[in-house]
Amino acid sequence: MFKTIFSILLLTTPVLAQNLFKHENLKYQGLTEHGLSELKQIRDALRQRFGLFEQEFKGLSNIHHAATVARMAKANMFLYGPPGGAKSMLIQWLFSGEAEPAFQVQLHQMMSEQAFIGGQNFEAAKEGRFVLNTESSLANFRVALLDEVEKGNPATLAALLSLLNERKVLAGNQVFDAKTETVFATSNANLPEFFLQFLESGQRSTAPALLNRFQFKGFMYNWLSANDQADLDARREKKALCKIFETCANDAVFLTPHQLDWEKMRSFAKVLFVKSSFFNTAYNEMANLLRDSTNNAVRESELKHQKDRYNEPFVYFPSCDWTERLRQQIPDAVQYSALVDFLLSSWADDANLEKMTRKQRELGPYSLWRAFLITTTPGPGKAQLELDGEKMNINFGTLINAEKARDVREQRMIQNLLDEQNRFKSVYVSLTEKFQESIKNAAKFSSNSDESNQDFEFLVMKK
């Protein structure tokens, strides 16, 4: 299996792979000197970015981690929550570390699909030819922000479907490849309300298709704890004084996030972390269980909505509306998430990095906790894997409370997100218990081989 994965990487990015990874007959044998140097640069840039983020934004570690993984996966992310939660500000902060400018637009009802896929070339039209000019459109940018996407015309938003998934622009008998890799969208409307707009415009089937193309979703609240409020107020005062006295130029409050080489990060994640057979078996079972439990929750919400529309103001729309396409994408997100946490951990310090990358690391059933990034809507807080006796448990670090919501609508939405987390945790704990004996045996077997085949999460918990 490892040989196959590595050969695929060599075929897709031959120059990059040859420079970064040692191999013999396509079998991974560690990093080259250049590869180790490149990984250190990525590590240092990632640590700087995460450090700056924690100073600039409070309580949003889950969102930042999910956004980073989405960018690595060339996936899309939908951020929603009440006004004033810094959704647009967060995305613009992420863009400040990009190597190329980002496409940014605030949507409204009169905006046409030309903003996304380009407009007709009128010079070509004079000759009877239909040609699209995509130069200033979303299709010509690697990253994009669609701000207040709920204000867009549903018919116009339908033009995004092929762009968000196949990364192509369909124009009559012509098909253009788009440069687009990741699109971020922000919305003050929650998922059911966004769906309702399409329903009312007669495009019921478009809403789930569009939301499914935003594989990652995040909920951002507009209220902080007293301590976090105090920290941000003090930081804002410091910024003001630094500007007045023209000092503090090297202070963290003025630093720009370092750029990341996303292509190299993808390559490192794919080669350094590989999925074990236990992982694949457990994941397929998890996907089926979560799909069933999600569908049950939707049906229950429909019945409650019919009986009591005050306490169930809308029908629950799940964060992860399971499709075969989405099922296939989640394991890659787990790999990318593992690389991010690895580089932020002490395992990636100079004293450990060469040893830890000497052989490939397996991702087993324990690592499936990272699937929460897509199968639920991460909210404020920082999720962690914890060892509870002999059981693995997920602490989502949730900082939102349904009882403190401003109205019934918001309360129901927050409770739905918490229920998603609980369903995911229940399935995860059940599966890891089921595979625990196999995992232990694999760990014992690998203890004599530099722990090279142990589940990465198992190694982290041991340390």
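Colleague: Leaving aside its neighbours within four places in sequence, which residues is Arg49 in contact with?

Modeller: This is a predicted model, in which local features need pLDDT of at least 70 and side-chain atom pairs count only at pLDDT 80 or more, while totals for chains, interfaces and linings use all residues. Residues are numbered from 1 along each chain as its sequence is written, and side-chain values use heavy atoms, with hydrogens and water left out. Arg49 has its place in helix α3, where helices are DSSP runs of H or I with at least four residues and strands are runs of E with at least two, numbered from the N terminus. Taking contact to mean heavy atoms within 4.5 Å, and setting aside neighbours within four places in sequence, Arg49 is in contact with His64, Trp93, Leu94, Gly97, Pro257, His258, Leu260 and Trp262.

Colleague: Which side chain of opposite charge is nearest to Arg49, a residue that has no salt bridge?

Modeller: Arg49 is buried, a term that means under 20% relative accessible area, with exposed meaning over 50% and partly exposed in between (1.4 Å probe, protein chains only). A salt bridge asks for a side-chain nitrogen of Lys or Arg within 4 Å of a carboxyl oxygen of Asp or Glu, and in assigning charge Lys and Arg count as positive, Asp and Glu as negative, while His and the chain ends are not counted. Arg49 has no such bridge, and its nearest side chain of opposite charge, 5.8 Å away, is Glu98.

Colleague: How many residues apart in sequence are the parts that Glu457 and Arg370 tie together?

Modeller: The side chains of Glu457 and Arg370 meet in a salt bridge with an N to O distance of 2.5 Å, and both residues are buried. Glu457 belongs to helix α20 and Arg370 to the loop between β13 (361–363) and α17 (372–375), so the separation that this pair spans is 87 residues.

Colleague: About how many helical turns separate Arg327 and Glu324?

Modeller: Arg327 and Glu324 form a salt bridge whose closest N and O atoms are 2.7 Å apart. Arg327 counts as partly exposed at 23% relative accessibility, and Glu324 is partly exposed at 43%. Because the two residues are three places apart in helix α15, their separation is about one helical turn.

Colleague: How many aromatic pairs does a search of the whole structure find, and what angle lies between the planes of Phe342 and Phe456?

Modeller: Rings of Phe, Tyr and Trp (its six-membered ring) pair if their centres lie within 6.5 Å, and planes under 30 degrees apart count as stacked, over 60 as edge-to-face and the rest as tilted. The search finds 20 aromatic pairs, among them Phe53 and Trp93, which are edge-to-face at 5.4 Å centre to centre with 70° between the planes. Phe53 in helix α3 (residues 33–56) and Trp93 in helix α5 (residues 87–95) are 40 residues apart, and both are buried. For Phe342 and Phe456, with ring centres 6.1 Å apart, the pair is edge-to-face because the angle between the planes is 80°.
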